[in-house]
Amino acid sequence: MWAPRHIKDGVDISDRSYDEKVCDVLVLGAGGAGLRAAIESHDRGAKTLVVCKSLLGKAHTVMAEGGIAAALGNVDPKDSWEVHFSDTIVEGQHLSNWRMAEIFAKEAIERVYELERYGAVFDRTPEGKISQRAFGAHTYRRLCNIGDRTGLELIRTLQDQLIARGVPFMDEVMTTCVFRESKTGRAAGAFGIDIKTGRLLLFRAKAVILATGGSGRVYQVTSNSYESTGDGIGMAYRAGAELMDMEMIQFHPTGMIYPPGVRGMLVTEAVRGEGGILTNSNGERFMSKYDPKRMELSARDVVARSIYAEIMAGRGSKGGGVYLDISHRGADYIKKKLPSMYDQFLAFADIDITKDKMEVAPTVHYQMGGVRVDPETAETSVKMLFAAGEVASGLHGANRLGGNSLSDILVFGKRAGAAAAERAAAIDLPSVDGGEIEDEISRVLSPFSSVGGANPFHMKEEIASNMWMHVGIVRKAEDLEAGLAELERLREEAKGLKAVGGRAYNQSWTDSLQVLDMLTVCEAMIRSALERKESRGAHTRSDFPAKDPKWLVNIITVQENGKMVRRMVPVPAPPPELQNLIKEDD
Amino acid sequence: MGVTGEESKEKKVVRLRIQRGAGSGTAPPRYDTFEVPREDGMVVLNAVHYIQSHLDPSLAVRWNCKAGRCGSCSAEINGRPQLMCKTRVDSIDGDITIEPMQAFPHLRDLVTDVTANWKVAAMIPPFTPKANAGDTFTFYQADVDRSREFRRCIECFLCMDVCHVVREHEADYIGPRWVVKAASLDMHPMDGLNRSKFMKDAGGLGFCNITKCCQEICPEHIVITDDAIIPEKERVVDRHYDPILWVYRRLRGRAKADETR
């Protein structure tokens, strides 16, 4: 079982040969959305292949802590999909697509029960039902949770289902582009690198599902994993798909700030859900000034901006954040409800949260924008190219509710898998143009022949620091312009990106290619942020501090004739029966 | 060491010895030494990142969450299997030697090939709800708490690395991580399978001789041997080696039914 195997020798750096894999539905990414899509596609009889950049089971979904939002009404019987729908639209500051929010709120309930039937073990109510906890800006207690390890349980459960079904997967494969058939314009496959060996791979498929997650790594202080570099958004953009709401970046209010090596690491909202209190250096419970009604459980954008304002006003903690205290709940309760947080602070910061306060500050957490999709099928503007999860846009609008991402990935992962499988059954395998394959091989291998000396790891740091400095929580035109100028300099520098060493497990090579997509993602974010001359949800402009009804539009970013262009599209208005469900808080 | 100048220099820099190269060849491994500026609260993975970014971009290291949650950055640090992202530099006196996990085929530098685990995962009879489970399950927090520990596993495979059966013998034993998986399914309140025959035969549970190394190094503090392996062994014994229960089951005619209960 564990006998040593012979490892193939490395590939020559100039080797242009590739292996070909053929399937009906190609799923890129194996977080919650990708796994759920693959299970659905497989169950509907499509020959499915999952390809993911990290090891199976390591995707960023694993980091989700607090819970999965669905209106089961187990703890608060008054809860319903209608209220969940309203909360989602209101939190999204009316930029969300109403139909996506409707589908989401309705289907999240069944997706949670389905996950339980797949084997996930949720915490229980005294009656033996799935327990639900309070979370910021949810009207009712709605987050089904598994301690503070909900994401881990979700991904492990789906991973087990994938393996039990025998769905083929290839982990540690980085895809580099999506191909389209020239005569029909349909998605026709993808190109990739087998990271372990350095061999090149051509994937031919009738449908491609992007489930590649977000791009939080373009920021210096982020809770996101290594692989969240926006490759999927870059690939979609290069394939001609429309992006939407790229200016909308969620700053989670509470990230660790000390020690420096772990800055940005998430402190789950569940700490506040379980009664955590935020105070400034004067010991004031400052949320009473900003949202006296909801206090610490206000919307994420409100809490993040409040913390930012306290720090800017000189009332920050000694480490440059604010204090978060849960110690009043007692050691037993904390260790039971927040075991990971207890371990995390003890291991990294020598702080015992059952006794001492935490120091926290906002950290980049989630991207509401991404690839524009059809609400029913999750199809992008490119035929037979689908997108689900954080890589897609439209559900969360200008701000995402905590816990909504885990239900998002299940609801739209399943829908993408279903639509892709059904549509793939009706068509023949599209062709991929040989010239395009050759061009992509040249592009992919170019870092080996680069004469420059740019270090991709260092460049990633430069990109991240530029975004942190110029495209932060509070933005203004001057900063954004400066960010754009720095981005142009970085783009020049990127021409000299250099892969050092051979092809097998060479991150200086794969990271070089990631840097190129990160630059594209950053440009789309900055240009959209410049465009939106108002403050709405996660997007705050100090030069346009008010929300402006004329900006009830989605900003679309698309590549035309090699140039990045933008279009404004009014947010579709919900039909009256849904409009009547929307209850503004204030 | 011992010289004052050396000592103050020691405090400002971290010296790392890192195994380099590719393949599980027979030649002795090569080591490179790097000096990295020491930072407050620094973990080993931070130091490795500094090397990639400033000293040698060709250094290969697998990592992802940098928060002790994903289990990607497993390695042997001064000979002890640990997560690089969770090992504080200030917890180690002197130089830090980092080597890849030894139980798995070596790919390059600090990276090993752990894909054999997926083949083993596929062998384990999956979660199968009881026939009367219904569409929405009813069970209680006490049932949840019983298997919660096993569900903390982040699949870092450090327990597999430290297991001498997996590491040094070509035995057909699924290894500690996969016994924990089986235990988590066996203790699932709604699971209807009995995995003891699998554990006895294909699972090779008998190969474990309870040295408890796995539970000592688990970064999630899962008490692997005491809480998972021994109860699984007891289940096998009850089912297959207990003569009284064997006679009882024969008399009740339940021998067959029990396997698929």
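**Close-up views of a two-chain predicted model**

**View 1. Strand 9 and its partner strands in chain A.** Strand 9 of chain A runs antiparallel to strand 10 (residues 200-204) of chain A, and 5 bridges pair the two. Everything you see here comes from a predicted model. Pick out Gly189(A): its bridge partner in strand 10 of chain A is Arg204(A). Strands 9 and 10 of chain A make a hairpin with 5 residues between them, and in the turn you'll find Gly198(A), with a positive phi of about 85°. Now look at strand 8 (residues 173-180) of chain A, which pairs with strand 9 of chain A, also in the antiparallel sense, over 7 bridges. Here Arg180(A) has Ala187(A) of strand 9 as its bridge partner. The hairpin of strands 8 and 9 of chain A has 6 residues between the strands, and there Gly185(A) takes a positive phi near 75°. Is strand 9 of chain A mostly covered or mostly uncovered? Strand 9 (residues 187-194) is mostly covered, with 8 of its 8 residues buried.

**View 2. An open sheet of 4 strands in chain A.** Follow the strands across this sheet and you get the order 13-16-15-14, with antiparallel pairing. Why do strands 13 and 14 of chain A each have one side without a neighbour in the sheet? Strand 13 (249-256) and strand 14 (277-279) stand at the edges, so each has just a single partner strand. On average, neighbouring strands of this sheet are turned by 45° against each other, ignoring direction. Strand 14 of chain A pairs with strand 15 (residues 322-325) of chain A over 3 bridges, in the antiparallel sense. One to find for yourself: Ile277(A) has Asp325(A) in strand 15 of chain A as its bridge partner.

**View 3. Gln250(A) and the residues around it.** Gln250(A) belongs to strand 13 of chain A. Why does Gln250(A) count as buried? There are 25 other C-beta atoms within 10 Å of Gln250(A), and the cut-off for being buried is 20 or more. Skip its neighbours within four places in sequence, and Gln250(A) still has contacts that include Arg300(A), His365(A), Tyr366(A) and Ala538(A). Arg149(A) is 101 residues away from Gln250(A) along the chain, and the C-alpha atoms of the two are separated by 21 Å.

**View 4. The largest nonpolar core.** This core has 254 residues, and those with the most contacts inside it include Val25(A), Leu26(A), Phe386(A) and Ala388(A). Which helix gives the most to this core? That's helix 15 of chain A, with 12 residues. The core lies between domain 1 (251-363) and domain 2 (434-570) of chain A, because both give residues to it. Zoom in on Val25(A): leaving aside neighbours within four places in sequence, its contacts include Ser41(A), Thr48(A), Ile209(A) and Ala420(A).

**View 5. Where chain A touches chain B.** Here 53 residues of chain A are in contact with 55 residues of chain B. On the chain A side, the elements giving two or more residues include helix 3 (98-118), helix 4 (150-165) and helix 15 (507-531). Sort that side of chain A by class and you get 26 nonpolar, 14 polar and 13 charged residues.

**View 6. Chain B on its own.** Count the elements of chain B and you'll get 12 helices and 7 strands. The C-alpha atoms of chain B fill a box of roughly 80 × 40 × 30 Å along the principal axes. Of the 261 residues in chain B, 45% are buried.

Key. Residues numbered from 1 in each chain as written. Chains lettered and ligands numbered in written order. Predicted model: local features only at pLDDT ≥ 70, side-chain atom pairs only at ≥ 80, totals over all residues. Pairing = 2+ DSSP bridges. Axes fitted to C-alpha atoms, helices over the stretch in contact; angles between N-to-C directions. Contact = placed C-beta atoms within 7 Å. Nonpolar A, V, L, I, M, F, W, Y, C, P; charged D, E, K, R; others polar. Buried ≥ 20, exposed ≤ 12 C-beta atoms within 10 Å, placed from the backbone. Core = buried A, V, L, I, M, F, W, Y, C linked by C-beta atoms within 7 Å. Domains from an automatic or database assignment.
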